[in-house]
Amino acid sequence: MNTYAFALQVHNKVNSETIYRSDWLQHGVLDFWTTGNIGDCEDYALAKRNALLNAGWPKDKLGLCICEAFGSGHCCLWVDTDKGSFILDNNYAFPVKPSELPYKWESMLCDGVWRQLHGFA
C-alpha cells in the first residue's frame, strides 16, 4: 500500500485542492493546525497524512516534520514508500528526497512520538 505512486497521487490532489492562506489571515493567530481546503504548510501536511492514513498507509511510515525553510518555520510530511523516503511539501510539485531539500530539520512526529532530527541520512 505504501507506494510512491499513491503518495504522489495524494500529494498532487491535496496541493491542487488546497488554497494557501496563512493562519494569521484565516484564523487571526500565528499558528493554528487544522485540515480543510484552505490553510498553510501544516494544514497541507495534515491533509496528506490523513488521506494516506485513511487509505491504510502504516502510521509508522509517516511523519510530520518541523523544519526551517527559507528563513522561517515550516511543516511538511515525510513518507516511507516502496521507492524510499520522500518529503511531501506544498512548496514542491513532486515528492523530494529529504537530503535534497535546503531545510534545517528540527523534529518529526512519527507514530505518536516527537523525535529530534539532525538531518536525514
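Residues are numbered from 1 along each chain as its sequence is written, and side-chain values use heavy atoms, with hydrogens and water left out. Because the model is predicted, local features need pLDDT of at least 70 and side-chain atom pairs count only at pLDDT 80 or more, while totals for chains, interfaces and linings use all residues.

## Overall architecture

The protein chain contains three helices and seven strands. Helices (H or I, at least four residues) and strands (E, at least two) are DSSP runs, numbered from the N terminus. In that direction the order of elements is α-β-α-β-α-β-β-β-β-β. Of the 121 residues in the protein chain, 42% are buried. Buried denotes under 20% relative accessible area, exposed over 50%, and partly exposed in between (1.4 Å probe, protein chains only). Contact denotes heavy atoms within 4.5 Å. Among contacts between residues at least 6 apart in sequence, 47% join residues at least 24 apart.

## Nonpolar cores

In soluble globular proteins, nonpolar side chains tend to be buried together. A nonpolar core is taken here as a set of buried Ala, Val, Leu, Ile, Met, Phe, Trp, Tyr and Cys residues joined through side-chain atoms within 4.5 Å. The largest one has 20 residues, of which Leu 52, Trp 57, Leu 62, Leu 64, Cys 75, Leu 77 and Val 79 touch the most other members. Two or more residues each come from helix H1 (4-17), helix H3 (41-54), strand E3 (62-69), strand E4 (72-81) and strand E5 (84-88). H3 gives the largest share, six residues. A second, separate core of 13 residues includes Cys 65, Ile 87, Val 96 and Trp 105.

Apart from neighbours within four places in sequence, Leu 62 is in contact with Arg 49, Leu 52, Leu 53, Trp 57, Leu 77, Trp 78, Val 79, Leu 109, Cys 110 and Asp 111.

H1 has 14 residues and reaches 20 Å from its first C-alpha to its last, close to the 20 Å expected at 1.5 Å a residue. The expected span is 1.5 Å times one less than the number of residues. The buried residues of H1 are Tyr 4, Ala 7, Leu 8, Val 10, His 11, Val 14 and Asn 15. They cover an arc of only 165° around the axis, and therefore lie on the same side of H1; the arc is that of the directions from the helix axis to the C-beta atoms. Ala 5, Gln 9 and Ser 16, on the other side of H1, are exposed. The buried residues of H1 pack against H3, E4 and E5.

The 14 residues of H3 should likewise span 20 Å at 1.5 Å a residue, in agreement with end C-alpha atoms that are 20 Å apart. Buried residues of H3 include Glu 42, Asp 43 and Lys 48 as well as Leu 46 and Leu 52. After H3 comes Gly 56, with a positive phi near 100°.

## Tyr 103 and its surroundings

Tyr 103 is placed in the loop between E5 and strand E6 (104-110). Its relative accessibility is 8%, so Tyr 103 counts as buried. Apart from neighbours within four places in sequence, Tyr 103 is in contact with Cys 67, Glu 68, Ala 69, Phe 70, His 74, Cys 76, Asp 89, Asn 91 and Tyr 92. With Asp 89 there is a polar contact between the side chains (2.4 Å). Such a contact is a pair of N or O atoms within 3.5 Å; within protein, one must be able to donate a hydrogen and the other to accept it, and residues adjacent in sequence count only if both atoms are side-chain atoms.

The whole structure holds three aromatic pairs. Rings of Phe, Tyr and Trp (its six-membered ring) pair if their centres lie within 6.5 Å; planes under 30 degrees apart count as stacked, over 60 as edge-to-face and the rest as tilted. Tyr 103 and Trp 105 form an edge-to-face pair, 5.5 Å centre to centre with 65° between the planes. Phe 70, Tyr 103 and Trp 105 form one aromatic cluster.

## Accessibility of selected residues

Most residues other than glycine have a negative phi. Phe 70, however, has a positive phi of about 55°, and phi of Asp 111 is a positive value near 55°. Phe 70 is in the loop between E3 and E4, Asp 111 in the loop between E6 and strand E7 (113-116), and Asp 80 in strand E4.

| Residue | Relative accessible area | Class |
|---|---|---|
| Asp 80 | 19% | buried |
| Asp 111 | 36% | partly exposed |
| Phe 70 | 59% | exposed |

Not counting residues up to four places away in sequence, Asp 80 touches Asn 2, Trp 57, Lys 61 and Ser 85.
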